[in-house]
Amino acid sequence: MAVIDNLIPMLPFMVCLFWTVHAAISYRELNKSQQYLGLFLFVSMILFLYHADYYSTADSANGNNVLTVLYSWATLTTYPLYCLYIKSITDYSNPGKFEIALLFTPGLIAAAASILTLTLGLQYVFTDTFIRIVRPVQTILVCVISLIKLTAFDRSVYDSYSEIEGKTAKPIIILAAVQFTAALCTVILSILGQRFFMGKEVLAVPSVLFAGTIYAIAYVGFRYRFGAYQMENELKEDIIPTDKDEDSVLFNVIQEKMENEKMYLQPGLSVVDLAKSIGSNRTYVSASINSHSGKSFALYVNTYRVEYAKEIMEKDGKLSVAQVAEMSGFASEESFRRNFRNITGKSPSDWTGSVRL
C-alpha cells in the first residue's frame, strides 16, 4: 500500500516526463504549436514534481529551496504557455512583446518573491497569497479565451475546406473543455489548500484527473499538425476585384457553379478554389454561402456530394462504397461515410437498403 500511496501523487509528473522526453527527442520534427506544447509539458512536469514531493514527504518539499522557487514560477507559467500553444494553432501572427510580458510577469514576480522570502528567512505569506489570488483568475481566463479562439478557428476551417479531416480542431476543443474542468478543480484545490489532501485517499481523484487530462492533451496535440499558419499558406490568394460582390448575385453564381458545372466533384475543393473560379475572393464567397444557405462551406459542398452519391447508388447498386466516395468527390471512404451519416442520418448501406425496400 505504501508503494501505491507514493505512486498516486507521482502520476501527473510521470505523464509530463514521458511527453517532455518525447518532445525533446522529436523537437526538430515539431511545428511551432507543438514546440509550445512541449514547453507547457516541461513546466507542468516541474509543477507536478513539487506536488509529488510535497505529498510524499511534506518536510522535504518545504525544505527544498530550489524546488520551492521553481514551483512558485511554474505554477503561474503553465497556463500562459498553454495560452501560447492555443494561440499558435488559431492565429498565424507571433505574440507581441506586451502579450508576452502580460502572460509571464506573474510567474517571474512569484519566483522573485519566493527567492526574497527564502533569502531573508521570512514567512511564505506574500508569495502564497499572490499565487492563490492570481492563479485562479489566470487559469480560468486562459481556458475561456482558448475555447473561444479554438471555436472561432474551427468555424473558419468549416468555412474554408470541403474536406476537414486532419484540419478540424474539434479534438483540441474537447480537450480544452476538459482542461477547463481541470482548471476549476485547480481553483477548488487552491481554496482548500494542499494540506487538505495530505495523507488522504481523496488525493487519487485530482491526481488521476490531471494525469489523464495531460496525457490526452499531449497525445492529441502531438498528432494534430494543422493550424492558422498552414491555413493562411494554403488559402493564400490575390484579392481579385469583383463586380459580383452583391450578395444575392454572388450566391446565384455559386449555385450555378455547383449545380451546372458540378464543381463539388473536385476532391479537396477549398473556398479559394471556388472563389477564383468565379472571379471573387474567399471572404465574399464564404459569407454569401453562410448567409444564404445557413451552412458552412464544408456542409454546403458535402451536401451536394451526398445528393450526387445517392443518384449514383440508385443507378448502380453494385458499386462499392469506395467507388461511390471517389465518384462523388470525397477524398476518402471515411470522409464519405461520416458526411453521409451526418447529412442523411443513415449509413450508405442503410440508405441503399431503405431505397430498395
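Some ground rules. Residues are numbered from 1 along each chain as its sequence is written, and side-chain values use heavy atoms, with hydrogens and water left out. As this is a predicted model, local features need pLDDT of at least 70 and side-chain atom pairs count only at pLDDT 80 or more, while totals for chains, interfaces and linings use all residues.

Confidence comes next. pLDDT is the predictor's confidence in each residue, from 0 to 100. The protein chain has a mean pLDDT of 86. Of its residues, 86% reach 70 or more. Now look at residues 58–63. There, pLDDT stays under 50. For that stretch the model has ten contacts beyond four places in sequence. Contact means heavy atoms within 4.5 Å.

Turn to Cys 143. It is in no disulfide either, and its nearest cysteine sulfur is that of Cys 83.

Are these cysteines buried or exposed? Buried means under 20% relative accessible area, exposed over 50%, and partly exposed in between, using a 1.4 Å probe and protein chains only. Cys 83 is buried, at 11%. Cys 143 is buried too, at 1%.

Next, Ser 146. Find it in helix α8, residues 125–158. Helices here are DSSP runs (H or I, at least four residues), as are strands (E, at least two), and both are numbered from the N terminus. Ser 146 has a relative accessible area of 1%, so it counts as buried. What does it touch, leaving aside neighbours within four places in sequence? Tyr 82 and Ile 86.

Now the charged side chains. Side chains of opposite charge can pair when their charged atoms come close. For a salt bridge, the cut-off is a side-chain nitrogen of Lys or Arg within 4 Å of a carboxyl oxygen of Asp or Glu. The structure holds ten of them. Here are some.

Stay in helix α8 for a moment. Asp 128 and Arg 132 form a salt bridge there, at 3.1 Å, N to O. They sit four residues apart, about one turn of the helix. Asp 128 is partly exposed, with 31% relative accessible area. Arg 132 is partly exposed as well, with 38%.

Which parts does the pair Glu 163 and Arg 305 tie together? Their side chains meet in a salt bridge, 3.1 Å from N to O. Glu 163 lies in the loop between α8 and α9 (170–192), and Arg 305 lies in helix α15 (residues 297–315), so the pair ties together parts that are 142 residues apart in sequence. Both ends are buried: Glu 163 at 8% relative accessibility, and Arg 305 at 0%.

Helix α15 also holds Lys 310 and Glu 307, three residues apart, about one turn of the helix. Their salt bridge is 3.3 Å, N to O. Lys 310 is buried, at 16%. Glu 307 is partly exposed, at 36%.

One last stop. Lys 87, Asp 91 and Glu 99 are joined in a network of salt bridges. Thank you.

Key:
A disulfide is a pair of cysteine sulfur atoms within 2.5 Å.
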